[in-house]
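Student: Hi, I'm new to this one. Can you walk me through it?

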4 protein chains.
Amino acid sequence: MTSGGEKMFEAQIKVTLKKTVADPQGLTVKHALDSLNFSGLEDIRMGKFITLQLKAKDEAEAKEQVESMCQKLLANPIIEDYSFEVKKI
Amino acid sequence: MTSGGEKMFEAQIKVTLKKTVADPQGLTVKHALDSLNFSGLEDIRMGKFITLQLKAKDEAEAKEQVESMCQKLLANPIIEDYSFEVKKI
Amino acid sequence: MTSGGEKMFEAQIKVTLKKTVADPQGLTVKHALDSLNFSGLEDIRMGKFITLQLKAKDEAEAKEQVESMCQKLLANPIIEDYSFEVKKI
Amino acid sequence: MTSGGEKMFEAQIKVTLKKTVADPQGLTVKHALDSLNFSGLEDIRMGKFITLQLKAKDEAEAKEQVESMCQKLLANPIIEDYSFEVKKI
């Protein structure tokens, strides 16, 4: 239930490091998998998969909000790529 | 280039906390978004999006390896859900 | 080299979940350590150790800046504790 | 209460990226702090502060266990430094 004709939306956001950027977190996880004898592993990169719910008056406004969250805080556009899907719930 | 007829595969893995599990990391990111005045945000949950490349003799073996990595290290099946896709590259 | 009589400071910040808050990230790392047969482990909790450098006109201003970063973004004071040290460099 | 004369120990572990390793996670947090207008920030690096409890027969064995956890899983010694303190609780 939302006020003023607002609706609820859910967004699923993927954030990944650009291919040219080294991923130390991935190297640490690779090292841990090596400790467990996963021998065929060549490369591993750690990204984020974020799910959020937000109120907005329509889908366009919801997308604009999510875009702004990605630009300002959830990702660093200089070194990370992001993509998202928004749907009404 | 791989030895013994092995091929390269890429896996994309999503790991998310089960809905019944509290997500303090999500609360901290929500708090940061509040600081930036994103007022419509209701809920946010932080998951992982992992990309890896591995050698295996066929797709079945590659999937088995990824399943085992998820079970043992990338996820905690008691509190997290995971899903993945594997393709030959 | 800083302008206007400003000096450089380094801060070391610890952020930990309050004891009453469940730590799913810690459970996942515990699960991974179990996979490696670390049998004596009873509990593990994941916190952050952040190092930053900033410009400020004196130590009091540097501390105020770091305090504000912790309050707004680096920690969520409702569920996390933080502490820090600041020194001139 | 532990069996067989074992005692409980607590370890506090710091894991930080070596200075020569780029820290994309730090850059993303710096970007978020820039969004909040923290203008004096020069550099920020994200490390881990891990607290764990374990059973061992004496302090030497507890330290050995923690050292091994760091070497195999909690850190990647090639790109990260770690240090820890262990005490009886």
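Predicted model: local features only at pLDDT ≥ 70, side-chain atom pairs only at ≥ 80, totals over all residues.

Student: Okay, let's take chain A and chain B. How many residues are in contact there?
Tutor: On the chain A side there are 30 residues, and they are in contact with 30 residues of chain B.

Student: And what area is buried between chain A and chain B?
Tutor: About 2,700 Å². Carbon and sulfur atoms give 72% of that area. On the chain A side, A:Phe38, A:Phe49 and A:Leu73 supply 22% of what chain A buries against chain B, more than any other three residues.

Student: How many salt bridges are there between chain A and chain B?
Tutor: The count is two. In one between B:Lys55 and A:Glu42, the closest N and O atoms are 3.8 Å apart. The rule also finds ten residue pairs in polar contact across the interface of chain A and chain B.

Student: Which parts of chain A touch chain B?
Tutor: β1 (7–17), α1, β2 (41–56) and α2 (59–74) of chain A each supply at least two residues of that side. β2(A) gives the most, with 15 residues. Sorted by class, the side of chain A that touches chain B has 16 nonpolar, seven polar and seven charged residues.

Student: Nice. Now chain B and chain C: how many residues are in contact?
Tutor: Here 20 residues of chain B are in contact with 20 residues of chain C. The area buried between chain B and chain C is about 1,300 Å², and carbon and sulfur atoms give 63% of it. In chain B, the residues that lose the most area to chain C are B:Pro24, B:Thr28 and B:His31, together 36% of what that side buries.

Student: Which element gives the largest share of the chain B side that touches chain C?
Tutor: That is α1(B), with seven residues. By class, the side of chain B that touches chain C has eleven nonpolar, six polar and three charged residues.

Student: Let me pick a residue on chain C. Where is C:Ala75?
Tutor: C:Ala75 is in the loop between α2 (59–74) and β3 (80–88) of chain C.

Student: Is C:Ala75 buried or exposed?
Tutor: C:Ala75 is buried, with a relative accessible area of 0%. Leaving aside neighbours within four places in sequence, C:Ala75 is in contact with B:Thr28, B:His31, C:Val15, C:Cys70, C:Glu80 and C:Tyr82.

Student: What about A:Thr28, which helix is that in?
Tutor: A:Thr28 is found in helix α1 (residues 24–35) of chain A. A:Thr28 is buried too, at 6% relative accessible area. Not counting residues up to four places away in sequence, A:Thr28 touches residues of chain D, including D:Leu73, D:Ala75 and D:Ile79.

Student: Back to salt bridges. How many are there over all chains?
Tutor: The count comes to 20. One of the salt bridges joins C:Asp34 and C:Lys30, at 3.6 Å from N to O.

Student: How far apart are C:Asp34 and C:Lys30 along the helix?
Tutor: C:Asp34 and C:Lys30 are four residues apart in helix α1 (residues 24–35) of chain C, so about one helical turn separates them. C:Asp34 is partly exposed, with a relative accessible area of 38%.

Student: Which residue does A:Lys57 form a salt bridge with?
Tutor: With A:Glu61, where the closest N and O atoms are 3.6 Å apart. A:Lys57 is partly exposed at 48% relative accessible area, and A:Glu61 is partly exposed at 24%. In chain D, the side chains of D:Glu61 and D:Lys57 also meet in a salt bridge, at 3.7 Å from N to O.

Conventions
Residues numbered from 1 in each chain as written. Chains lettered and ligands numbered in written order. Heavy atoms only, no water. Contact = heavy atoms within 4.5 Å. Buried area = accessible area lost by both parts, 1.4 Å probe. Nonpolar A, V, L, I, M, F, W, Y, C, P; charged D, E, K, R; others polar. Salt bridge = Lys/Arg side-chain N within 4 Å of Asp/Glu carboxyl O. Buried < 20%, exposed > 50% of the residue type's maximum accessible area, 1.4 Å probe, protein only. Polar contact = N/O pair within 3.5 Å; in protein donor to acceptor, adjacent residues only side chain to side chain.
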